[in-house]
Amino acid sequence: MSVLGKYFIFLGTLFSKGEKLSVYWRRLMEECVGIGVSSIFIVAIVSTFIGAVSCIQTAYNLVSPIIPISTVALIVRDMSILELAPTITCIVLAGKVGSNIASELGTMRITEQVDALEVMGINSASYLVLPKVIAAMITFPMLVIFAGFLNIFGGYLAGTLTGVITERDYMNGIRDSFVPYNIFFMCVKPFVFGFLIATISSFKGYFTQGGALEVGKASTGAVTSSCISVLIADYLLAQLLL
Amino acid sequence: MIEINNISKSFNGKAVLKGISSAFKKGETNLIIGGSGTGKSVLLKCMIGLVKPDQGNVLYDGRDFYHCDKETQQALRREMGVLFQGGALFDSKTVEENVRFPLDMLTSQSVEEKRERVAFCLQRVGLEAAAKRMPSEISGGMKKRVGIARAIVMNPKYLFCDEPNSGLDPLTSVKIDELIKEITEEYQITTIIITHDMNSVMEIGQNIMFLYQGDKLWEGVNTDIIKTDVPELKEFLFSNKLLREMEP
């Protein structure tokens, strides 16, 4: 409970006594590149293959003369939009971005860079962490939309190249019974997950004490806690919004 | 002038500082010496506001750091320059950007003014040629000098140095000491240095405070320190066999 309390106090410090807006703007752009742009490659690889595997495995399990083959595409689409793109992508990002944030802040803490900011009278938490949180909340939904597209595209490639589904059936399945609200749901999830991953990882890194070993522990702890929080939030959002 | 009155600090019930009081004069290099774990760095952190003391106060030219409003505290912070033990340079910024950082964050100076000030500070520490290099590309001694340049870029009234010689060869240590002393005298700064380097004590120690297990056991000038009759200080000073043989 005390850790939770400390976490909420930490969140409070992010929004108290900020610096000049121009400083935040520059930092936000740097973080958007660091968190978002640098994650495009891993997100693209993971999403394409997950989409491809989803298509092949769904087709394998859906052998029935009464179910049209286009259903495979429909299932791939809904799985991608509702779960695979937002949740799996964010779990991957929790590993990549979360560990990066925690180790960066942890190293800054143990090498007294955070102290240097504090001594200058700069709100170090706000200066270092707030741009990361906002950047994650902006770029995660973009990456998830990109991942959703690649999931479906990966399914299309795997399905048509292996011959389990024709291009025409796949396209029909993709368009069948589409619920636009699911897109909104897909975008809300990474917005929440981005906040959780960035704040939890920052919290773990910011309060690191000791040396290199503790930075490693903070990084591992950040990924573990971020993944658990993403899964809990995933369940709660599904309960609340669907 | 900086005055500390009755500063005490404990961690988990263990007293690290036990009612330390002293005064550090303007334009002088004031040294706080003592063995490892005697509370030197905690005392420095109490003075610069990184660790709040359990009791006591710190006065900067009469302004009480811990009992003033936030604006005064903020103004006091801007009058401080701190050189951290490892330099504490920002890894992602070049030497020039590191030195310019306080100006970017805390002033509304024009780009040209900032450029001139940064160039002056880098020239003052002899690092104008390294302006575009990253901290990972420079030596430990250069990092300390960049740290000094960053500490003086805002024209501080008070300069704090946490073990400026640690990890440096004797020649570089002497150069760093001389640089700090020159800057202190030139700009009439109140400088406080944490060290256990005996060269620094003898070379630049205008006012020296000796800490032992959280207590202040001795205070004086470098010419008197050799004549001390405080056993703990004698043990600290003459820990080296060669020096023991030279003991008066």
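Of the 242 residues in chain A, 45% are buried, where buried means that 20 or more other C-beta atoms, placed from the backbone, lie within 10 Å of the residue's own. Bear in mind that this is a predicted model, in which local features need pLDDT of at least 70 and side-chain atom pairs count only at pLDDT 80 or more, while totals for chains, interfaces and linings use all residues. As for labels, residues are numbered from 1 along each chain as its sequence is written, and chains are lettered from A and ligands numbered from 1 in the order in which they are written.

Stay with chain A for a moment. Its C-alpha trace spans about 70 × 35 × 35 Å along the principal axes. You'll find nine helices and zero strands here, taking helices as DSSP runs of H or I with at least four residues and strands as E runs of at least two, numbered from the N terminus. Now look at contacts, meaning residue pairs whose C-beta atoms, placed from the backbone, lie within 7 Å. Among those in chain A that link residues at least 6 apart in sequence, 88% join residues at least 24 apart.

Next, pick out two helices of chain A, H4 (residues 71–110) and H8 (residues 181–206). Their axes are 8 Å apart and meet at an angle of about 20°; the axes are lines fitted to C-alpha atoms over the stretch in contact, and angles run from 0 to 180 degrees between N-to-C directions. H4(A) and H8(A) are therefore roughly parallel, a label for angles under 35 degrees. Sorted by class, their contact holds 19 nonpolar, eight polar and four charged residues. Nonpolar covers Ala, Val, Leu, Ile, Met, Phe, Trp, Tyr, Cys and Pro, charged covers Asp, Glu, Lys and Arg, and the others, Gly among them, are polar.

Where do the chains meet? Chain B puts 15 residues into the contact and chain A twelve. On the chain B side, helix H2 (70–78), strand S6 (80–83) and helix H3 (95–106) each give two or more residues. That side has ten nonpolar, three polar and two charged residues.

Finally, turn to helix H5 (residues 140–152) of chain B. Its 13 residues reach 19 Å from first C-alpha to last, close to the expected 18 Å, which is 1.5 Å times one less than the number of residues. Eleven of the 13 are buried, so H5(B) is largely enclosed by the rest of the structure. Among the buried ones are B:Met142, B:Val146 and B:Ile152. The buried residues of H5(B) pack against S6, H3, helix H4 (111–124), strand S7 (158–162) and helix H6 (170–187) of chain B.

Terms used:
Parallel < 35°, antiparallel > 145°, perpendicular 65-115°, else oblique. Contact = placed C-beta atoms within 7 Å. Buried ≥ 20, exposed ≤ 12 C-beta atoms within 10 Å, placed from the backbone.
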